[in-house]
Structure formats: structure tokens, C-alpha cells
Amino acid sequence: MDVPLALTIAALSIGAQGRHAEVLAAYDEALPVFGGIFGSDHWQTLKVRSDRARQLAALGRHGGV
């Protein structure tokens, strides 16, 4: 359970520095870990997906609805 926590802390610290492209890569690395440990529908996995989407929006790479 330490790995998800470490990945989250790393992503949050990178994001706080405004390094959106790097944090996107960190979330891409974290998603399979969270999905493998918690499952794809667990709230923690969904939070990582939401945080990743926020970084995509910050990079202007969001899709329209």
C-alpha cells in the first residue's frame, strides 16, 4: 500500500510546481497500479483519473462534451 501513496505524493508535488506534462506522465504510471490494487471502480482509482483529467485540461488537451 506504500506504492500508491508514494505515487500520489510525487504527482501532487510535481503538479504543485506547475509541471503539467510531467505530472501527466506520473498519473499515467499510477493508473495501472491503482487499478491493479484497488480495481477500476474504486474511489482512489477514480480520483487518480480525475486528477489526470485536470492536468490534461491545464495542458489544453481536454475533449469537448
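A nonpolar core is taken here as a set of buried Ala, Val, Leu, Ile, Met, Phe, Trp, Tyr and Cys residues joined through side-chain atoms within 4.5 Å, where buried means under 20% relative accessible area, exposed over 50%, and partly exposed in between (1.4 Å probe, protein chains only). The structure is a predicted model, in which local features need pLDDT of at least 70 and side-chain atom pairs count only at pLDDT 80 or more, while totals for chains, interfaces and linings use all residues. Residues are numbered from 1 along each chain as its sequence is written, and side-chain values use heavy atoms, with hydrogens and water left out.

By this criterion, the largest nonpolar core comprises 9 residues, namely Leu7, Ala11, Ile14, Val23, Ala26, Tyr27, Ala30, Phe34 and Val48. At least two residues of this core are supplied by each of the helices α1 (2–16) and α2 (20–38), helices (H or I, at least four residues) being DSSP runs numbered from the N terminus. Helix α2 provides the largest share of the core, with 5 residues. In soluble globular proteins, nonpolar side chains tend to be buried together. When neighbours within four places in sequence are set aside, Ile14 is in contact (heavy atoms within 4.5 Å) with Arg19, Glu22, Val23 and Ala26.

Two of these contact partners of Ile14, Arg19 and Glu22, also pair with each other through their side chains in a salt bridge, with an N to O distance of 2.7 Å; a salt bridge is defined as a side-chain nitrogen of Lys or Arg within 4 Å of a carboxyl oxygen of Asp or Glu. Both are partly exposed, Arg19 at 31% relative accessibility and Glu22 at 42%. The count of salt bridges under this rule comes to 4.

A further salt bridge links Asp28 to Arg52, whose closest N and O atoms are 2.4 Å apart. Because Asp28 lies in helix α2 and Arg52 in helix α3 (residues 43–58), this pair ties together parts that are 24 residues apart in sequence. Asp28 is partly exposed at 36% relative accessibility, as is Arg52, for which the relative accessible area is 23%.

Within helix α3, Arg54 and Asp51 are 3 residues apart and therefore separated by about one helical turn, and they form a salt bridge in which the closest N and O atoms are 2.6 Å apart. Asp51 is buried, with a relative accessible area of 5%, whereas Arg54 is partly exposed at 48%. Salt bridges with shared partners join Lys47, Asp51 and Arg54 into one network.
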